[in-house]
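Reader: I have a chain open in the viewer and would like to go through its fold. Could we take the overall layout and then a few individual parts?

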Amino acid sequence: MSAPEVPLDTDLELPDVADTEALGERLAAGLAAGDLVVLSGPLGAGKTAFVRGLARGLGVSGPVTSPTFVIAREHRAGARGVPLVHVDAYRLGLAADVAAELDDLDLDTDLADAVVAVEWGEGVAERLSARHLLVRLRRRPDDVRVATVRRVDA
C-alpha cells in the first residue's frame, strides 16, 4: 500500500455526494491488489458513494451499488488492471459467529488479487489483513459528510 493521495488522520469535509466519490477516487490512486479498505459509519454516511469513487479511480467496469443483500460483489479489472471486491458486512453477525461468516466469504483469497472494500467493516474485517486503511465517515446535521482516513499497520 503506497501513500494514499489524501491526508491521513484529518477530518475532511465532503459537502455533497460528488465530493465523497472524489475522495474515494483520489484514495484509489495509492492502492493496488492486496489492499484492504475498511469503511465505518452510520446509514447514509456515504460509504457506497465512497466505494463508487474508489471503483472509478481503479477503473473497474460496471455500476457500483450497495451489496447489502448479496454481501459481496466483484467488479472486474478495467483500465488499471485491478479488480475491486465490494463487501457489505452489515448483515454479517446475524448468526452467532461473525468470524466464521467472514471466513465463509473467502475474502482472504480475493485480497491477494484485488482491492477489497468492506462497508460496515470496522470490528469485523480487520482480521483479513493486519495492514489496511480505515475510512470513518459521518454525516453532520447540516448534511455535510466528514471523512477521516487512517492507516492501520498492526
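Predicted model: local features only at pLDDT ≥ 70, side-chain atom pairs only at ≥ 80, totals over all residues.

Reader: How many helices and strands does the chain have?

Author: The chain has four helices and seven strands. Helices (H or I, at least four residues) and strands (E, at least two) are DSSP runs, numbered from the N terminus. Along the sequence, their pattern is β-α-β-α-β-β-α-α-β-β-β.

Reader: And what percentage of the residues count as buried?

Author: Of the 154 residues, 47% count as buried. Buried means under 20% relative accessible area, exposed means over 50%, and partly exposed lies in between (1.4 Å probe, protein chains only). As for contacts (heavy atoms within 4.5 Å), 62% of those in the chain with a separation of 6 or more join residues 24 or more positions apart.

Reader: Which residues of the largest nonpolar core touch the most other members?

Author: They are Leu-27, Leu-39, Phe-50, Leu-54, Leu-84, Val-135 and Leu-137, in a core of 26 residues. A nonpolar core is a set of buried Ala, Val, Leu, Ile, Met, Phe, Trp, Tyr and Cys residues joined through side-chain atoms within 4.5 Å. At least two residues of this core come from each of β1 (12-14), α1 (17-28), β2 (36-40), α2 (47-58), β5 (115-119), β6 (131-139) and β7 (145-153). Helix α2 supplies the largest share, five residues. Apart from this core lies another, of 11 residues, which includes Leu-36, Val-85, Ala-89 and Leu-134.

Reader: Take Leu-137, then. What does it touch?

Author: Not counting residues up to four places away in sequence, Leu-137 touches Leu-14, Leu-39, Ser-40, Gly-41, Pro-42, Ala-45, Gly-46, Lys-47, Phe-50, Val-146 and Ala-147.

Reader: Let us turn to β5. How many of its residues are buried?

Author: Five of the five residues of β5 are buried. In a regular strand the side chains alternate between the two faces of the sheet. In β5, Val-115, Ala-117 and Glu-119 are on one side and Val-116 and Val-118 on the other, and both faces are covered.

Reader: Is the pairing of β2 with β5 parallel or antiparallel?

Author: β2 and β5 pair in the parallel sense, over three bridges. Two strands pair if DSSP finds at least two bridges between them. Leu-36 stands opposite Val-116 in β5. Strand β4 (residues 84-88) also pairs with β5 in the parallel sense, over five bridges, and there His-86 has Ala-117 as its bridge partner.

Reader: Now α1. Which of its residues are buried?

Author: The buried residues of α1 are Thr-20, Glu-21, Leu-23, Gly-24, Leu-27 and Ala-28. They lie on the same side of α1, because they cover an arc of only 150° around the axis; the arc is that of the directions from the helix axis to the C-beta atoms. Their cover includes β1, α2, β6 and β7.

Reader: What about Val-17: which residues is it in contact with?

Author: Beyond its neighbours within four places in sequence, Val-17 is in contact with Ala-49 and Arg-52. Val-17 is partly exposed, with a relative accessible area of 37%. Its C-alpha atom is separated by 8.5 Å from that of Arg-145, 128 residues apart along the chain.

Methods. Residues numbered from 1 in each chain as written. Heavy atoms only, no water.
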